[in-house]
Amino acid sequence: MNQVVKAATVSGSDMANPLRSEVRQLYKNLLFLGREYPKGADYFSERLKSAFMKNKDVTDPKEIRKLVDRGEFVIKELEALYYLRKYRAMKKRYYEEELSTMLNIG
C-alpha cells in the first residue's frame, strides 16, 4: 500500500509540472556530454549546476520551454564541438603521415 502512495505522489508531481521530466532529462544529457568537455568534466558540471540552480525558481511554462530549448541548442553546439575536435584529430593524423612519407621520399 505504501508503494501505491509513493507512485501516486511521483506521478502527481509530474502532473503538476509536465516539463519537469524534460528538464531532468536535459540535465542528464548535458551532464553526460560534459564528460568530454575540453576544460574538464568538473568545470563543466559546476557551470551546469549553477546554470540550473539560477533558474530553479522559474515557474512559467513558457519561460521553462524557452530555457529547455536553449539547453537543447547547447547540446547541439557541444556535439558539433566534439565532432569537429574528432575530425581535426583524424585529419591531423592522416595528413601528418602523408606529409612525412612525402618528405622522406623527396
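Y37 is partly exposed, at 24% relative accessibility. The model it belongs to is predicted. Its ring has a partner: Y37 and F44 form a tilted aromatic pair. F44 counts as buried, at 10% relative accessibility; the cut-off for buried is under 20%. Y37 and F44 also belong to one aromatic cluster, together with Y43.

**The chain around these rings**

The protein chain has 4 helices and 0 strands. Read from the N terminus, its elements run α-α-α-α. Of its 106 residues, 12% count as buried. The chain exposes about 9100 Å². Carbon and sulfur atoms supply 58% of that area. Among contacts with a separation of 6 or more, 67% come from residues 24 or more positions apart.

**Aromatic pairs**

The whole structure holds 3 aromatic pairs. One of them joins Y27 and F52, edge-to-face. Y27 lies in helix 2 (residues 20-33) and F52 lies in helix 3 (residues 41-54), so this pair ties together parts that are 25 residues apart in sequence. Y27 is partly exposed, at 25% relative accessibility. F52 is partly exposed too, with a relative accessible area of 23%.

A pair of aromatic rings is described by the distance of the centres and the angle of the planes. The table gives both values for two of the pairs.

| Pair | Centre to centre | Between the planes | Arrangement |
|---|---|---|---|
| Y27 and F52 | 4.9 Å | 80 degrees | edge-to-face |
| Y37 and F44 | 5.1 Å | 45 degrees | tilted |

Terms used: Residues are numbered from 1 along each chain as its sequence is written. This is a predicted model: local features need pLDDT of at least 70, side-chain atom pairs count only at pLDDT 80 or more; totals for chains, interfaces and linings use all residues. Side-chain values use heavy atoms; hydrogens and water are left out. Helices (H or I, at least four residues) and strands (E, at least two) are DSSP runs, numbered from the N terminus. Buried means under 20% relative accessible area, exposed over 50%, partly exposed in between (1.4 Å probe, protein chains only). Contact means heavy atoms within 4.5 Å. Accessible areas come from the Shrake-Rupley method with a 1.4 Å probe; for residues, only the protein chains shown count as cover. Rings of Phe, Tyr and Trp (its six-membered ring) pair if their centres lie within 6.5 Å; planes under 30 degrees apart count as stacked, over 60 as edge-to-face and the rest as tilted.
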